[in-house]
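Welcome, and please open your viewer. Let's take a short walk through a few selections together.

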Amino acid sequence: MNTIFDIQEVKSPQTQEEFLRLPAKLYKGDKNWIHPLKEDIQNIFDPTKNKHFQHGECTRWILTNQNGETIGRVAAFIDHKTKDLNDQPTGGMGFFECINNKEAAFQLFDQCKNWLKERNIEAMDGPINFGERHQWWGLLIDGFDYPNYGMPYHHSYYKDFFEEYGFQIYFKQYTYKTQFNPENLSKILVWKADRIFSNPKYRVIHFKKNESERFIKDFTEVYNKAWAKDIPGIDGIEPIQAQELFKSIQDIIEEKLMWFAYYEDQVIGFFIMMPDFNQILKHLKGKITLWGKLLFLYYKYIKKNQKALGLIFGVIPEYQSKGIEAALIKTFSDVGFSPKFQFKQLEMNWIGDFNPRMMHLMEHIGAKIHKTHITYRKLFDPNKPFKRAEIIK
């Protein structure tokens, strides 16, 4: 006899709290799990904080057993700007957590599917974010190590739930890891960088907080030219949104982890990194209290964090394949190889298997795959042909 669990839409303060508290119960005793900041998760579902509500809709649920205990959670959403970029209208589901019970998991999946079908959606991707791809995107299936800031960590049994339900691999996301060592840079990469710098019209400089307005403007220009127009599902960013983004991370910005490339006075690329904030969050249990602020200062200034995260490369189309990425990496490496530089290792947050150019670049910096996430897609019509994500040429 099948067990039917009770599912409730998250509307009240009580159900919101249950949604946030569940992962701490499910991962209790797992030394690698790091409690995300509750505010980071809650802001995703706040229409006043998440700009995707301006062109999308979202809801979430918790699942309880016969004793009223929360045993699962999930969210479903539609981005009306991107849902029609596929062969069929496609929505999303994410923030899935569940006890090791297939019936419970499938009930949560069904809830998402039915909610999306009621809105004329024919497929769902998951687990993904109701927001940008660089956070809370994909199911961790390999490399169950400390998660990077903003990236999901999952129980290994989730993979079986998704695949038995009928989700298929849409693309894989790889997190690459390398140490700062001059021997890790390939001779080809160094040659490409030197060739760029033989032309004095090219230059690479790092972010400066006292000139932040200028760099934020340059970031916005490259982001919109290099990402938003070329990669399906990536929204452009407005100047005010970029300002808010940099303001939100101003306390952890390290100037020499953000590099910009120019041709004469025209910005043509960037390489954006940041300290791995999770090295601090793992001590805070999801809240920044007064003690948490003291810990933050301790790990920032006394016990130096040695891990940097590579968040995003961007080169505008007319300068791609010229070696700009090599120039950015080589310039940063000249700083990173210094014994006085606090960061000793770099993880590239995720690179899709649809991007062979970036995967190839990782080989040239001596980086190896450290973690693998999967973005799945479930077609509601099983007779419709399934297609994986298109390869970026």
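At what angle do α5 and helix α10 (residues 324-336) pack, and how far apart are their axes? Select both: they pack at about 100°, with axes 8 Å apart. Axes here are lines fitted to C-alpha atoms, for helices over the stretch in contact, and angles run from 0 to 180 degrees between N-to-C directions. The two helices are therefore roughly perpendicular (65 to 115 degrees).

A word on the model: it is predicted, local features need pLDDT of at least 70, side-chain atom pairs count only at pLDDT 80 or more, and totals for chains, interfaces and linings use all residues. Residues are numbered from 1 along each chain as its sequence is written, and side-chain values use heavy atoms, leaving out hydrogens and water.

Next, show side chains where α5 meets α10: from α5, pick Leu189, Val190, Lys192, Ala193, Ile196 and Phe197, and from α10, Ile324, Ala326, Ala327, Ile329, Lys330 and Thr331 (contact means heavy atoms within 4.5 Å).

Stay on α5 (residues 187-197) and click lysine 187, which belongs to this helix. Is lysine 187 buried or exposed? Lysine 187 is exposed, at 76% relative accessible area (exposed means over 50%, with a 1.4 Å probe and protein chains only).

Finally, select helix α3 (residues 102-117) and helix α4 (residues 158-165), whose axes come within 10 Å and cross at roughly 55°. Among the residues making this contact are Phe106 and Phe109 of α3 and Phe161 and Tyr165 of α4.

How values were computed. Helix = DSSP H or I, 4+ residues; strand = E, 2+ residues; numbered from the N terminus. Buried < 20%, exposed > 50% of the residue type's maximum accessible area, 1.4 Å probe, protein only. Parallel < 35°, antiparallel > 145°, perpendicular 65-115°, else oblique.
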